[in-house]
Amino acid sequence: MKALLCGKGGSGKSTLTALIARSLSDRGCNVLVIDNDESNFGLHRQIGLDLPDDLLNFLGGKKKLVEKMMEAFPKGERPTIFEHKWEIQTIPEGYVSKKGNISLMAVGKIHEFGEGCACPMGVLAKQLIQNIDLGEDDFILVDTEAGIEHFGRGVEEGCDVLFMVVDPSYESIRLSEKISKLADNAGKQLYYILNRAEGASREILSCGVPEERVISTVPIHESIFKAGLLGYEFQASVPEVGMIADFLIGHKSK
Ligand SMILES: Nc1ncnc2c1ncn2[C@@H]1O[C@H](COP(=O)(O)OP(=O)(O)OP(=O)(O)O)[C@@H](O)[C@H]1O
Ligand SMILES: [Mg+2]
């Protein structure tokens with residue numbers, strides 16, 4: 001089962017990715033987290049892992065990938081990036097960090113001034129997700145950058161399910177309408193996670209998105225907030241996130 005988390009900036013995508021990974025791992029599943037945010041550097045700490053080398057470097061760097069893209073696109077082809085299929089256990093060393101049954105990969109980060117746009121990362125993420133074969137108890141969770149550019153790049157193509165994280169803001173509710181249309185275009189199932197939703201804001205959010213598509217409502221947790229502020233690994237398991245893990249496990253063969 002391959003799931004992607006998307007949503008507005010700061011809505012809680014990375015936090016929930018890390019927490020869902022932990023919940024799935026607690027339930028005995030193998031989880032590969034794909035960090036597909038070229039800007040932020042915090043996710044690995046929330047999972048308690050080192051940041052692996054950019055997968056982009058496995059291919060010889062961004063320039064090399066851009067050359068492949070320039071060769072393939074005018075012919076209407078997709079660039080050949082992977083020679084053969086991978087499994088979670090066979091991802092090349094150095095490009096994955098592991099602890100217990102959680103693994104982490106990073107598609108590529110922006111490191112240098114003027115190095116160029118992040119489009120190659122999108123092309124690579126799209127193919128990476130499709131290139132990994134999963135076993136019965138394996139899951140992939142993709143954490144994305146804020147907004148909807150990854151839809152434009154087609155990163156969702158290889159995913160089975162999409163989760164939009166909706167935080168208490170007008171922007172998030174409006175964005176949920178756009179993402180619903182984009183998910184439809186992509187032929188993907190979209191579900192919502194209402195995050196930091198309590199009291200009146202919970203009510204407003206519940207009216208803003210289709211109720212039957214909301215799989216969990218996560219309140220403000222002091223422990224999450226503190227770990228997020230200090231860059232610590234999440235220690236506590238969160239019951240509302242356990243529901244999301246159960247949802248994924250329940251839907252893996254559907
Ligand atoms: N349920 C929660 N309770 C308390 N704090 C939370 C909760 N969810 C997220 N946060 C905090 O909100 C902030 C934003 O969360 P996070 O970085 O996960 O968002 P994001 O959507 O990944 O942001 P970006 O778009 O920058 O990648 C963090 O400081 C995080 O600790
Ligand atoms: Mg993030």
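**Briefing: a protein chain and its ligand**

A compact globule of 254 residues would have a radius of gyration near 18 Å, and the protein chain has 18 Å, which agrees. The model is predicted.

**The chain**
- The protein chain contains ten helices and ten strands.
- Along the principal axes, the C-alpha atoms of the protein chain fill a box of roughly 55 × 40 × 35 Å.

**Where ligand 1 sits**
- The largest pocket holds ligand 1.
- Two elements give two or more residues to the shell around ligand 1: α1 (13-26) and α9 (222-230).
- There are 20 residues around ligand 1, and those that come nearest are Lys13, Thr15, Asn40, Asn195 and Arg196.
- Sorted by class, the shell around ligand 1 has ten polar, six nonpolar and four charged residues.

**Polar contacts and burial**
- Lys13 has a polar side-chain atom that lies 2.7 Å from an oxygen atom of ligand 1.
- In the side chain of Asn40, an N or O atom is 2.9 Å from an oxygen atom of ligand 1.
- For Asp37, the distance from an N or O atom in the side chain to an oxygen atom of ligand 1 is 3.4 Å.
- Ligand 1 taken alone exposes 630 Å², and the protein buries 82% of that.

Note on methods: Residues numbered from 1 in each chain as written. Chains lettered and ligands numbered in written order. Predicted model: local features only at pLDDT ≥ 70, side-chain atom pairs only at ≥ 80, totals over all residues. Heavy atoms only, no water. Near = heavy atom within 4 Å. Polar contact = N/O pair within 3.5 Å; in protein donor to acceptor, adjacent residues only side chain to side chain. Areas by Shrake-Rupley, 256 points an atom, 1.4 Å probe, with all protein chains shown as cover. 1 Å grid on protein atoms, 1.4 Å probe; cavity = no way out; pocket = protein on both sides within 12 Å on 5 of 7 lines; lining within 4 Å. Sits in = over half its atoms within 2 Å of the grid points. Helix = DSSP H or I, 4+ residues; strand = E, 2+ residues; numbered from the N terminus. Nonpolar A, V, L, I, M, F, W, Y, C, P; charged D, E, K, R; others polar. Rg over C-alpha atoms; globule rule 2.2 N^0.38 Å.
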